[in-house]
Amino acid sequence: GGKEAYGAVAISRADQKVSQEDIERVIEEAKNINLPINQELLDMFPREFIVDGEAGLTDIEGIKGIKLEVKGLAVSAFSLYIKKLMDAVTSADLSIEEVFISPIAAARAVLSPRQKELGVAMVDIGAETTGIAVFEEKRLIHLAVLPVGSANITRDIAVALQTDIDIAEEIKKKFGSFIFKNKRKKEKIKLSEEEVFEFDSQRMVKAGKARALEILRLVEKELKKINKQKTLPAGIVLTGGGSNLVGLVDFCKNQLELPVRKGVCKEFVGLENDPSFSVVLGLALLGSTDIEAVKTNSIFASILNFLKKLTP
Ligand SMILES: Nc1ncnc2c1ncn2[C@@H]1O[C@H](COP(=O)(O)OP(=O)(O)OP(=O)(O)O)[C@@H](O)[C@H]1O
Ligand SMILES: [Mg+2]
């Protein structure tokens with residue numbers, strides 16, 4: 001999704017020929033655009049230049065005139081974020097509704113009414129997405145799904161160690177705690193009876209930590225949008241498979257300066273220790289009538305409307 005951008009300047013040189021500087025100025029002018037909240041302009045792509053009313057020009061340096069105009073497309077960071085999110089949605093074979101219901105479902109499974117009353121952010125770290133649902137006085141006050149998750153940590157580890165995804169995944173699960181509390185330099189993991197993979201754990205730590213930090217920074221940014229970054233009495237509840245990363249809770253506590261705990265669903269016996277099931281269990285607990293109710297929630301509805309307008 002882009003937005004029409006328009007700029008106009010007076011051609012500055014005495015000989016009235018368009019200079020490179022005029023072109024830069026008119027583009028800057030076109031970047032002065034009113035974007036909806038939460039959107040940052042990334043770039044402006046000129047489609048056509050207009051010199052003294054003559055439209056459709058592309059190569060204009062040296063053309064004589066008095067007034068220079070440009071029309072083009074302004075691309076905002078938010079639309080790039082949406083694109084990434086849409087890619088994540090499509091690759092996970094889910095609908096937008098399903099993706100945005102997930103954090104609410106997880107919240108139903110792991111949050112207590114008391115936490116929702118006090119003010120709490122549920123952060124569901126999945127594979128490709130991180131869902132955030134913030135509640136206060138029992139109401140949903142913010143909902144976001146970030147197109148980044150624990151699979152990004154795995155991929156970064158794979159790149160850092162020059163190994164494949166499956167090995168990186170195994171390393172993340174087995175040595176994940178090192179990311180926040182590194183002990184040794186060399187580590188090895190047994191792949192099969194005869195095969196052992198040896199790796200530099202510092203590299204794994206560096207890659208994993210950077211990505212974990214990025215996810216937490218994005219969460220913080222969401223909390224800032226609603227002015228809750230330091231003021232959530234019941235703090236942050238982490239859930240989803242990604243929250244299994246050992247040490248993440250404390251890391252999050254230190255980074256975001258809020259109380260942080262891991263949230264699991266207590267209403268199903270046997271699954272109470274695995275946060276991977278929070279969404280599924282939450283959906284079961286919500287039931288179809290509740291889900292219909294969620295869809296009519298104003299925050300939920302406005303996000304869906306916005307996203308649906310963007311999808312072809
Ligand atoms: N012990 C562990 N340590 C670190 N990460 C883990 C652990 N167990 C699972 N994960 C990670 O959790 C992620 C899967 O979490 P979850 O099952 O919540 O995702 P999902 O709901 O399928 O994905 P999405 O929400 O993106 O659609 C995977 O990236 C996996 O590597
Ligand atoms: Mg999930």
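Domain bounds are taken from an automatic or database domain assignment. On that basis, domain 2 (85-148 + 216-310) and domain 3 (151-207) each contribute at least three residues to the shell around ligand 1. The model is predicted, with local features requiring pLDDT of at least 70 and side-chain atom pairs counted only at pLDDT 80 or more, whereas totals for chains, interfaces and linings use all residues. Residues are numbered from 1 along each chain as its sequence is written, ligands are numbered from 1 in the order in which they are written, and side-chain values use heavy atoms, without hydrogens and water.

Ligand 1 is surrounded by 16 residues (a heavy atom within 4 Å), the closest being Glu-128, Thr-129, Glu-169, Lys-172 and Gly-241. By class, four are nonpolar, eight polar and four charged; Gly counts as polar, and Asp, Glu, Lys and Arg as charged. Helix α6 (165-175) and helix α5 (150-161) each supply at least two shell residues (helices are DSSP runs, H or I, of at least four residues). The largest share, three residues, comes from α6.

Polar contacts are pairs of N or O atoms within 3.5 Å:

| Side chain | Ligand 1 atom | Distance |
|---|---|---|
| Glu-169 | oxygen | 2.4 Å |
| Lys-172 | oxygen | 2.6 Å |
| Asn-244 | nitrogen | 3.5 Å |

Taken alone, ligand 1 exposes 650 Å², of which the protein buries 73% (Shrake-Rupley method, 1.4 Å probe).

How values were computed
Polar contact = N/O pair within 3.5 Å; in protein donor to acceptor, adjacent residues only side chain to side chain.
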